[in-house]
Amino acid sequence: MEKQWFVLHTLTGQENKAQKSIEARVKLERMEDFIGKCVIPTERVTEKKNGKKRTITKKFFPGYLLCELALYDEAKGIDENGKKAIYERTWQFLRETPGVIGFVGGDRPQPLKQSEVDAILLDKPQGASTVERPKVNFSVDETVKITDGAFMGLTGQISMVDPDKGKLKVEVQVFGRTVPVDAEYWQVEKVALEETLEPLK
């Protein structure tokens, strides 16, 4: 039975619960012919805080699962409603899974193309070490305060973000002139909006 990759929509925060439930029930209910792999797409992300580096595993599609499914019954072709015939067992099985809301794409979802699956699951060669990249926390034009280094205490706007290196450029005022300062993510902190507003006279 041919399986294709589909995206399931889950309640946010319940991706792991839904994945484990599917994997356990597949064996119990002997659904191996209909349900294949079920994956939560994740990436390894590094972040620095107070000069210390740590690596975390982060979901990059929160609220979604990728599942390999035999969903469409190609032998039947079209059902009585003029839609692609589906395997009721697969449909019912997923509807009964805690945390699963439904398919991305409605009741007759499109399977992912192989190139899309590869981009998500095989974005690095098999056996290659995980490429770590800093956690993206900042965006251009955001106001931040420098908390470390020669310009500590100054507030400015971000003019450039380099997420791969975890660095950014902050435009600060020094002696009435705008000066670009290079900083690492851990050397700045976001400024709350109310701190940037001028007090009313």
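**Notebook: rings, cores and a sheet**

I started with Lys 84, which lies over the face of Tyr 72, at 4.3 Å from the ring centre. The model is predicted. I then looked up Arg 25, which lies over the face of Phe 93 at 4.0 Å from the ring centre.

**Aromatic pairs**

I asked how many aromatic pairs the structure holds. There are five. I describe a pair of rings by the distance of the centres and the angle of the planes.

I took Phe 34 and Tyr 87 to begin with. Their ring centres are 5.4 Å apart and their planes stand at 80 degrees, so I logged the pair as edge-to-face. The pair links distant parts of the chain, 53 residues apart. Phe 34 sits in the loop between α1 (15-28) and β2 (35-39). Tyr 87 sits in the loop between β5 (64-69) and α2 (88-95). Buried or exposed? I found Phe 34 buried, and Tyr 87 too.

Next came Trp 91 and Phe 103. Their ring centres are 5.3 Å apart with planes at 15 degrees; that is under 30 degrees, so the pair counts as stacked. Trp 91 belongs to helix α2 and Phe 103 to strand β6 (residues 100-103), so this pair ties together parts 12 residues apart in sequence. Trp 91 and Phe 103 are both buried. I also noted that they form one aromatic cluster with Phe 6 and Tyr 72. Tyr 72 is the ring under Lys 84 from my opening entry.

**Cores**

I looked up the largest nonpolar core, which has 23 residues. Which residues have the most contacts inside it? They are Ile 22, Ile 35 and Phe 103. The elements that give two or more residues to this core are β1 (4-10), α1, β2, β5, α2 and β6.

I listed what Ile 22 touches, leaving out residues up to four places away in sequence. The list holds Leu 8, Ile 35, Cys 38, Leu 65, Cys 67, Phe 93, Leu 94 and Thr 97. Apart from this core lies another, of 11 residues, including Ile 158, Val 170, Val 181 and Val 188.

**Sheet**

I traced an open sheet of five strands, in the order β11-β10-β9-β8-β12, with antiparallel pairing. Neighbouring strands here are turned by 45 degrees against each other on average, direction ignored.

I checked β9 (residues 155-162) against β10 (residues 167-174): they pair in the antiparallel sense over six bridges. Gly 156 has Val 172 in β10 as its bridge partner.

Methods. Residues are numbered from 1 along each chain as its sequence is written. This is a predicted model: local features need pLDDT of at least 70, side-chain atom pairs count only at pLDDT 80 or more; totals for chains, interfaces and linings use all residues. Side-chain values use heavy atoms; hydrogens and water are left out. Two strands pair if DSSP finds at least two bridges between them. Helices (H or I, at least four residues) and strands (E, at least two) are DSSP runs, numbered from the N terminus. Axes are lines fitted to C-alpha atoms, for helices over the stretch in contact, and angles run from 0 to 180 degrees between N-to-C directions. Rings of Phe, Tyr and Trp (its six-membered ring) pair if their centres lie within 6.5 Å; planes under 30 degrees apart count as stacked, over 60 as edge-to-face and the rest as tilted. Buried means under 20% relative accessible area, exposed over 50%, partly exposed in between (1.4 Å probe, protein chains only). A charge sits over a ring if NZ of Lys or CZ of Arg is within 6 Å of the ring centre and within 35 degrees of the ring normal. A nonpolar core is a set of buried Ala, Val, Leu, Ile, Met, Phe, Trp, Tyr and Cys residues joined through side-chain atoms within 4.5 Å. Contact means heavy atoms within 4.5 Å.
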